Amino acid sequence: MAVNDENAHADEAEVGGKEAGAAQRAADPAPGVEPQPAPASTTPASTTPPGLRAGGWMAPAYAGALLAIFLGERVVPTIEWLRYALSGLGFLTLVLVTALRFAAAVRQTGERRTVERALAILSALGLIAVAAYFTTTDAGRSLLGVSQAAPDVRARIESATTVGWIALLVIATVPLLFGEAALAPMRRAERIEGRRVRAATLSGVTLAFAAVYSALFVYGASQLELKADFSYYRTARPGDSTKRVAESLTEPLKITAFFPQLNEVGAEVEGYLREVRAASPQVTVEMQDRLLVPALAKEAKVTQDGVVVLSRGTSRETLTIGSDMKAAGAKLKSLDADFQKALLKVIRSQRTAYLTVGHGEMNEAAGAAEGRTTKNLRKLLESQNYVVKDLGLAQGLGSEIPKDASVIIVLGPQKEFLPEEVATLKRYADDGGHLLLALDPEAKVDLAPLAGAVGLAWKPEVLANDRVYVRRRFNDSDQAMLVTTRYSSHASVSTLSRHAQQAPTIFPGASSLEKPEGGDLKVDFVVRALGETYADANGNFKFDEGSEKRSAYNLAAAVSKELAPGGGDGKDKKELRAFVVADADAFSDAAFRNEPNIVLALDALRWLGGEESFAGEITSNEDVRIEHTKEKDQVWFWATILVAPAMVLGLGLFITRRGRRASGRRA
């Protein structure tokens, strides 16, 4: 192409030189010869501007035709005569413009012909796209017989046709407009720069394909049952535990959400409830506007927007979220936990969990040092529809456990239990009771009788690990902050075992458990320490080669014994169940900042309650509180006030001096 251009320029220069020479000879006649007047021209000069001859009006006409079709089909589709007038006029204009473009391309030569032919082809593609659009209208579907096809076939054809005509129209129109914009300044010129027009057209093609690809990618992604929400007020999705609770339903559960129409919070809640409904055929979900169904709202005792009502038979629970996004943001983050709490209240009766008192347990006010409280464990019990009560000598701990007890929990006693109290717990366990024992070696008291009540031996030596541990005090005592990812496949730790490598639990000062010889109890050690762990017998937080050994010590055990098999539905089944942890701090508020510790307690409680099928994670998007020690605050203060400005200043001085030295060398 470059060679042809150069040859053309050379030919034109040669022709121009000959014409100039002839004109000069005509202007300067030879000596002695009378100058003759130039003959009058018999061909009139053309008065039509070159721009109009080249069709500069076609691009506005093309855009106006598309606008007319848009107005007819989208703005006034209910006014039949105006719709057909605008759409028909636009389509005929497109046909006329396209035909004239091809005619102009035939009349032109050289670069102009090539450019006009390319623009004519793009105009024809736009015409084909508009024709494809008309096949998606009612008249087009009837004419092609698409309206008589099966619903699924018709939906596929309509989707493919819609995507096709939109993509084709974008690919035709954008390059056409780009090419026209580049050609417009050169329409009156004798010659045009074809390469400039081609470059602009190719840029339009690239942009059009990128837009079409992005649109198709977004459309394809919207058809997947996947959602990623990175907004601050993102809604928690149904966790595995909530879905399994829904799967266990044997009777219909109706969920009615009262939100105004087109409400942002309502849309988020509807997405959550839709996933819950997909987990069980027993679940039905309705989204209602309280003001449009006043009778239904009155029956459900709903007096405000943003309320979810769960009803199963005569049982009913209400979950209040709110309809304002800013006010309901915190509720949306914890929606899964709150919904499961209400769901459990609907599907089963309330249970009672007794926490022993009188021995300095963590659930008492005396154990408030370094996060050794159990407020979060109490909330966890309440979320599982447990009523939490105290159990001491005054409540029958020394004689007989209350009949309504579903589980007895002992959390890190700092004093020894009386023999009568231990005997009462043992009788309760032997009669098919459920126990959660969390023993603490730091109390320096003998808790072996408690472990012996469920057939275990307790070793009070504090375990340590000088290779894998958690930093807290930044001294050797931190080696007692054990971390482990070793879980068995037992039902009491099923969630942790499925995500072992992503769910490390923390045991801040653990002892160990063993199974003595004999006994008819089934003992499963469900959590073990890492293999580098050693029993620090002398308490120096150093591994002594001769007297201490490294081993995967047992940190938690699940003890069971079937006493009565019960019927086929398992309702009359009687079984001893006990979950024993060799470190009470694993259930403290400080340890609950680590989510796997919460999962450990939750799965243990579900196994003790016979609901191991509900095991799974509860999703939450609540903000994690960031806490700094005094030393950390000092580090951050000096780093932001002194260190960071000094680094910026030093970097600036270095760059300035380096620039001056370079200038001096060049001078």
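Colleague: With which side chain does the side chain of T505 make a polar contact?

Modeller: A polar contact is a pair of N or O atoms within 3.5 Å; within protein, one must be able to donate a hydrogen and the other to accept it, and residues adjacent in sequence count only if both atoms are side-chain atoms. Here the partner of T505 is the side chain of Y487, at 3.1 Å. This is a predicted model, in which local features need pLDDT of at least 70 and side-chain atom pairs pLDDT 80 or more, while totals for chains, interfaces and linings use all residues. Residues are numbered from 1 along each chain, and side-chain values use heavy atoms, without hydrogens and water.

Colleague: Is T505 buried or exposed?

Modeller: Buried means under 20% relative accessible area, exposed over 50%, and partly exposed in between, for a 1.4 Å probe and protein chains only. T505 has a relative accessible area of 0%, so the residue is buried.

Colleague: Where does Q384 lie, and what joins its side chain to that of R606?

Modeller: Q384 lies in the loop between α14 (375-383) and β6 (386-391); helices (H or I, at least four residues) and strands (E, at least two) are DSSP runs, numbered from the N terminus. A polar contact of 3.4 Å joins the side chains of Q384 and R606. Q384 counts as buried because its relative accessibility is 3%. The C-alpha atoms of Q384 and R351 are separated by 8.8 Å, the two residues being 33 apart along the chain.
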